[in-house]
Amino acid sequence: MTAATKKILLIRFSSIGDVTQALSIPSRLKELSAEIHWVTRGDVAVLLEEHPAIDRIWRLEKREGISGLFRLISALRRENFTEVYDAHNNLRSRLICLGLRLRFHPPRLLRRSMKRWQRFLLLRFHKNTFRKPFSGQRDFLEPLAAWGLGESLPPPPQIFCGRPHALKAQETLRTQNFRQAIGLVPSAAYPLKRWPLEYYADLIRALPQRRFVVFGGPGDDFTEKLREVAPERVLNLSGKLSLAETTAYVAEMSAVVANDTGVLHIAEQLGKPAIALMGPAPFGFPSRPSTVILERELACRPCSKHGQGPCVNPEFQKCLRDISVAEVRGVLERLTVMEAHP
């Protein structure tokens with residue numbers, strides 16, 4: 001079989017952060033001169049839609065249940081894939097792989113290890129046997145060595161927004177005088193992963209010449225408190241943007257300050273200067289040199305797989321509260337100067 005006939009299926013369903021980090025995979029797979037298909041969850045498929053290395057997106061909607069999964073497997077079987085990379089490694093992805101391999105000429109299968117024993121040692125005994133520094137994107141790319149591909153990251157951007165979204169974001173920011181603002185991401189899936197909101201407020205006060213755009217989800221009403229700090233300098237877009245629109249607005253920021261959340265990885269895949277405020281969770285670490293990681297080495301870290309807690313330190317949320325506003329401000333000023341004068 002020649003390289004020109006390769007047809008690869010990539011499987012990664014969710015979450016926003018993991019799918020965004022996995023967006024470096026298609027560009028590497030294209031080095032095999034292959035046709036690239038991706039199976040993902042319907043609500044995050046928009047993150048893939050403009051990627052030039054992805055030839056087709058297959059959506060699995062949550063509401064479709066097991067019947068939808070089997071319909072998807074039936075449709076995928078007709079595609080005659082030559083290779084499958086299971087980058088999710090859960091029950092659904094394993095069922096897809098099984099369905100595709102039950103044929104006379106099964107596709108070659110590559111599966112990303114979840115390293116469960118290493119995770120158990122880290123979370124239960126704080127014995128870190130992972131390769132350091134931990135890199136979320138490298139973790140997705142490492143298995144590709146079996147297909148003769150290296151683990152180096154393709155250059156940014158590796159996430160793309162459609163032209164209508166980009167033009168709308170540029171026009172909105174221009175008319176409201178928020179071009180080249182600093183993006184703030186004060187939310188996260190779990191409260192323990194959030195740098196204190198009062199620290200974000202103090203950062204706004206500490207930079208009186210800068211404007212800020214706040215990103216968050218539909219339920220992040222608490223972020224309105226940041227707009228109240230300086231209404232003329234803070235634009236709160238929490239709950240007002242789709243995923244595609246969020247990408248377009250983040251692309252216009254001069255830099256981003258973010259908790260360990262999906263928007264952090266969107267900024268990273270856009271190649272935007274960013275500060276990652278890393279707290280209790282061990283696996284969401286960014287990978288590009290454009291992102292500066294701020295963290296504190298504590299015996300209690302990590303305290304949980306996803307940052308859901310509980311906090312076990314006598315000083316509540318010490319891992320994030322010990323990252324000072326002055327430190328973030330200093331890094332941010334350096335990053336924005338570099339952005340203005342690359």
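Here is a walk through the nonpolar cores and the pockets of this structure. The model is predicted, so local features need pLDDT of at least 70 and side-chain atom pairs count only at pLDDT 80 or more, while totals for chains, interfaces and linings use all residues. Residues are numbered from 1 along each chain as its sequence is written, and side-chain values use heavy atoms, with hydrogens and water left out.

Let's start inside. A nonpolar core here is a set of buried Ala, Val, Leu, Ile, Met, Phe, Trp, Tyr and Cys residues joined through side-chain atoms within 4.5 Å, where buried means under 20% relative accessible area (1.4 Å probe, protein chains only). The largest one has 54 residues, and Ile 25, Leu 29, Leu 144 and Val 213 touch the most other members. Its largest share, five residues, comes from helix H11 (residues 262-270); helices are DSSP runs of H or I, at least four residues, numbered from the N terminus. Apart from this core lies another, of 30 residues, including Trp 195 and Leu 294.

Now for the pockets. A pocket is an open set of points on a 1 Å grid over the protein atoms alone, where a 1.4 Å probe fits, with protein on both sides within 12 Å along at least five of seven lines; lining residues have an atom within 4 Å of a point. The largest pocket is lined by 45 residues, with Ser 15, Ile 16, Gly 17, Thr 261 and Gly 262 nearest its centre. Helices H1 (16-22), H6 (136-141), H10 (243-250) and H11 each give two or more residues to that lining.

The second largest pocket has 21 lining residues, and nearest its centre are Asn 128, Phe 134, Phe 285, Glu 295 and Glu 297.

Technical notes:
Buried means under 20% relative accessible area, exposed over 50%, partly exposed in between (1.4 Å probe, protein chains only).
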